[in-house]
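Please keep the coordinates open while reading.

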Amino acid sequence: MIRVSVLTPVYNVQRYLRQCLDSLAAQTLEDIEFICIDDGSTDESGCILDEYAVRDARFQVIHKANSGYGASMNAGLRCARGRYIGIVESDDYADADMFQKLYEAAETHQAEVVRSNYWATTQQGSSFREELKGHPYGRVFCPMKEDPELLLKDPNIWTALYRRDFLLQHDIWFNETPGASYQDLSFSFLTLSTAERVFLLRDAYLHYRMDNAGSSVHSSGKVCCVMDEYDAMETYLLHHQGTKEQHIWAAKMFHRHCQENERRIDGRYLPLYWKEAILRYQKAAEQGYLLYESVKKPEEWIVERVQMRQKDVLLREGFFWELEKAQRVFLYGAGKVTVWLLDILKKNGISPAGILVTTMEGNPSEIHGVPVYALSASPADRACDRIVLAISPRHPAVQQEILLTLDRAGYHRVLVLTGELQAALA
């Protein structure tokens, strides 16, 4: 009996593919199969998949014409024989005991869905992301009855196991839209809103590659993918007698991801994006699924959203312009905000010269390869170098205290991370 079928959709990812496949081959769980779906790759990905299939019978390769992520996942689902379905995307990789741990939890608790946290991975290393914080660990529960807020979390479908007979019984498949944009939204919503028995693990096993997470949508064909996913949720609920509560939470999920996705859309397409979004907001409001006060005409709302985007762009550009003209850049603080800022800066071609802290006691000597210095031993030039106050704007009193400390030490070229700037950089 196959215990778990792991689906891996593949398209032109030869750079990371071997690391992914090696992590699958190393899985400690017995009676596991790996179904790799080559979506018409034009690089060496297909050949790499065939190589692994020849030397390891657990690997099965499906070669098909390019038709998108959803179609690839459905092709894998149709071939799967396992009691449970797992997902590892081809630029990510898994700890060796990932499916052993997920399978044991699913079997022990007779869960339809088991979900865990993950490791956010960049070239600088991996950091633990507790996406499920605040939700019930260690017990079986029904999200729609006990914790519907779970539906609003990022989809992260690759942190989980899904019982295959549960998916088939409820006719849950992926939305087959072109490309690879957001098809996990409807799948995540349908599984969590339908399941009666969900089990959450605090541990993390999957290493999710973040290097390209901030890339924008530059194709007009992908602008409205979030709308497509909402339409798929609504269509499913209409055909399967979904409850009003499910419709309400589908609308809430759409609202959250619609707002977040706006930042990734090329500015040229924002009017089109919000024109399509407004139609769905209005329909959801008419049906009583979403509060929507139409105090402005739709076209006025579109202008307002574009103006907000322009403000974000100006904040970002002004921030990076200030840093680029500095001799060197230092960050102040050694917490989570610093780790996040390091990633943002490096993606934009800025390599900080160091990280400053009040005292070295309890602090590391470096963070992601950037040296940490006590303020008393700071190598920063007070006249020429820029200091970025990497302290959360949710702690203004702490920001003020450190700003005054730096001012007394003669550092006047300091940039403070405001809430608006943090949102613009995100």
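Helices (H or I, at least four residues) and strands (E, at least two) are DSSP runs, numbered from the N terminus. The model is predicted, with local features requiring pLDDT of at least 70 and side-chain atom pairs pLDDT 80 or more, while totals for chains, interfaces and linings use all residues. Residue numbers start from 1 along each chain as its sequence is written, and side-chain values use heavy atoms, leaving out hydrogens and water.

We begin with the cavity. On a 1 Å grid over the protein atoms alone, a cavity is a set of points where a 1.4 Å probe fits but cannot get out, and lining residues have an atom within 4 Å of a point. Points are joined across faces, edges and corners, and a volume is the space filled by probe spheres set on them. One cavity of 30 Å³ or more is found; the largest cavity holds about 40 Å³. Its lining consists of Leu-77, Arg-164, Leu-167, Leu-168, Ile-172 and Trp-173. Helix H6 (residues 164-169) supplies the largest share of this lining, three residues.

Next comes a helix pair. Helix H7 (residues 183-194) and helix H9 (residues 244-261) have axes that come within 11 Å and cross at roughly 145°. Axes here are lines fitted to C-alpha atoms, for helices over the stretch in contact, with angles from 0 to 180 degrees between N-to-C directions. In this contact (heavy atoms within 4.5 Å), H7 contributes Leu-185, Phe-189, Ser-193 and Thr-194, and H9 contributes Gln-246, Trp-249, Ala-250, Met-253 and His-257.

Finally, six strands form an open sheet with mixed pairing, in the order S12-S13-S11-S10-S14-S15. Strands pair if DSSP finds at least two bridges between them. At the edges, strand S12 (366-367) and strand S15 (414-416) each pair on one side only. S12 runs antiparallel to strand S13 (residues 370-374), joined to it by two bridges, and Glu-366 stands opposite Pro-371 in S13. Helix H12 (residues 336-347) packs on the sheet, and its direction makes about 160° with that of strand S10 (329-332). Helix H13 (residues 396-408) lies across S10, S14 and S15, at about 160° to S14.

Notes
1 Å grid on protein atoms, 1.4 Å probe; cavity = no way out; pocket = protein on both sides within 12 Å on 5 of 7 lines; lining within 4 Å.
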